[in-house]
Amino acid sequence: MDGVDSWQKSLPIAYFQREVAGFNPMNGNGDGGNHEEDEHALISLDAILPDDLLEKVLSFLPIASIIRSSFVCKRWYESVHSGRWSWTKMLPQKPWYFMFNCGGDAVSGYAYDPSLRKWYSFDFPCIEQSNWLTSSSGGLVCAMDNEDRSRVFVCNPITRDWKRLRDAPGGRFPDYSALAVSVDRRTHVYTVAVAKCKQVPQDYYQWDFSIHVYESATRSWTTPFAQVLVGWRGSDECVICDGVLYYLIYSTGVLRNMEQRHCLVIYDLAGQPSSRTSLMQMVIPVPCSLTCGRLMNQGGKLVMVGGIGKPDRPGIIKGIGIWVLLENKEWREVARMPQKFFQGFGEFDDVFASSGAGDVIYIQSFGSPALLTYDMSQKLWKWSAKSPVIKRFPLQLFTGFCFEPRLEVAS
């Protein structure tokens with residue numbers, strides 16, 4: 001497809017063949033000089049350049065340019081793919097967004113690089129179906145089978161390193177489940193949290209809820225929390241921020257005094273609270289009536305992107321807002337999508353896809369391949385470059401998620 005690079009094949013090679021073939025060093029007299037001497041000088045310079053200095057220079061490039069540079073010569077290839085700790089000093093990368101069709105068995109689509117405003121043909125090494133749950137942090141993507149909700153995989157989509165974890169406990173086939181991963185940028189150890197919620201048989205009023213935690217350092221699962229929710233049920237939305245799990249729950253509508261359809265519960269993964277303590281004692285109300293909410297970790301801060309419901313019809317979306325949770329557990333609205341962008345999606349569903357990392361937030365309607373970005377630091381709304389994903393029939397759906405491209409972190 002015109003304007004789209006294949007991430008694994010055509011992205012690097014043709015680019016460097018064109019650039020290198022058109023370059024001839026000039027001496028001070030303005031002619032080509034002694035090419036043989038220049039060639040020896042370049043080879044000698046490359047030979048004496050230490051690996052750590054070479055990697056330091058390359059680390060200032062966008063991740064796509066770093067991968068391209070690996071095709072210059074064997075030594076550069078080995079430096080880029082060495083996995084050495086020097087890559088930890090690589091400049092922070094803006095998160096990429098992976099977009100694909102819903103409902104397909106094979107998960108392949110296109111990844112958007114906001115630094116270069118380019119789309120790449122892309123596929124993930126371990127996600128088998130498009131309805132799998134995903135979460136990302138620090139260069140890793142965690143995915144869970146949406147059928148039995150127990151098979152969990154972790155991968156680095158750039159290096160294509162991946163592995164399957166031990167199956168998550170808590171039983172198979174829960175009614176609702178959510179997935180979150182958090183990577184320690186210094187040690188590269190990671191934590192995976194799976195929240196499962198299942199209706200008590202023949203009782204819509206009560207729901208069994210449990211939290212299961214995997215630590216890569218011990219390679220084992222624990223179940224630190226299990227309780228029955230009364231009048232509330234689980235969802236598929238959670239995130240880890242600063243060692244705390246934030247989980248969005250929904251009202252079942254059986255408690256008449258409940259005005260909000262959603263609220264946020266918190267669980268300190270590092271603490272040791274008793275299961276006798278009600279989870280509902282740790283509740284944070286949402287800032288307004290929402291059609292849906294998407295949680296994300298933006299530089300250690302909890303951010304929620306939510307569909308704002310109409311006052312008289314809370315299930316109908318009228319706009320999209322972005323909020324940050326402050327230390328006092330109060331919400332502060334930081335942005336509201338301008339109507340020109342909201343209307344630019346065409347027909348916007350009450351629920352939508354949204355994810356983010358660093359300062360970048362992505363928003364996508366399930367019914368459209370259009371992708372909108374919001375830069376938290378610049379307070380700037382902007383459409384991505386036109387997506388190569390094509391809507392082939394009216395009811396076709398799309399989704400996606402973001403991840404930070406990194407070279408040094410492994411599963």
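Which side chain meets that of arginine 160 in a salt bridge? In this predicted model the partner is aspartate 123, with 3.5 Å from N to O. A salt bridge here is a side-chain nitrogen of Lys or Arg within 4 Å of a carboxyl oxygen of Asp or Glu. The two residues sit in distant parts of the chain, 37 residues apart: arginine 160 lies in the loop between β7 (152–156) and β8 (161–164), and aspartate 123 belongs to strand β4 (residues 118–123). Strands (E, at least two residues) are DSSP runs, numbered from the N terminus. Arginine 160 is partly exposed at 32% relative accessible area, and aspartate 123 is partly exposed too, at 24%. Buried means under 20% relative accessible area, exposed over 50%, and partly exposed in between (1.4 Å probe, protein chains only).

As for the rest, a search of the whole structure turns up 11 salt bridges. One of them pairs glutamate 237 with arginine 294, with 3.3 Å between the closest N and O atoms. This pair also links distant parts of the chain, 57 residues apart, with glutamate 237 in the loop between β13 (232–233) and β14 (238–241) and arginine 294 in strand β18 (residues 290–298). Glutamate 237 is buried at 11%, and arginine 294 is buried at 11% as well.

Then there is glutamate 404, whose salt bridge to arginine 406 has its closest N and O atoms 3.5 Å apart. Both of these residues are buried. Elsewhere, shared partners tie Asp148, Arg164, Asp167 and Arg172 into one network of salt bridges.

A word on method: residues are numbered from 1 along each chain as its sequence is written, and side-chain values use heavy atoms, leaving out hydrogens and water. Because the model is predicted, local features need pLDDT of at least 70 and side-chain atom pairs count only at pLDDT 80 or more, while totals for chains, interfaces and linings use all residues.

Terms used
Helix = DSSP H or I, 4+ residues; strand = E, 2+ residues; numbered from the N terminus.
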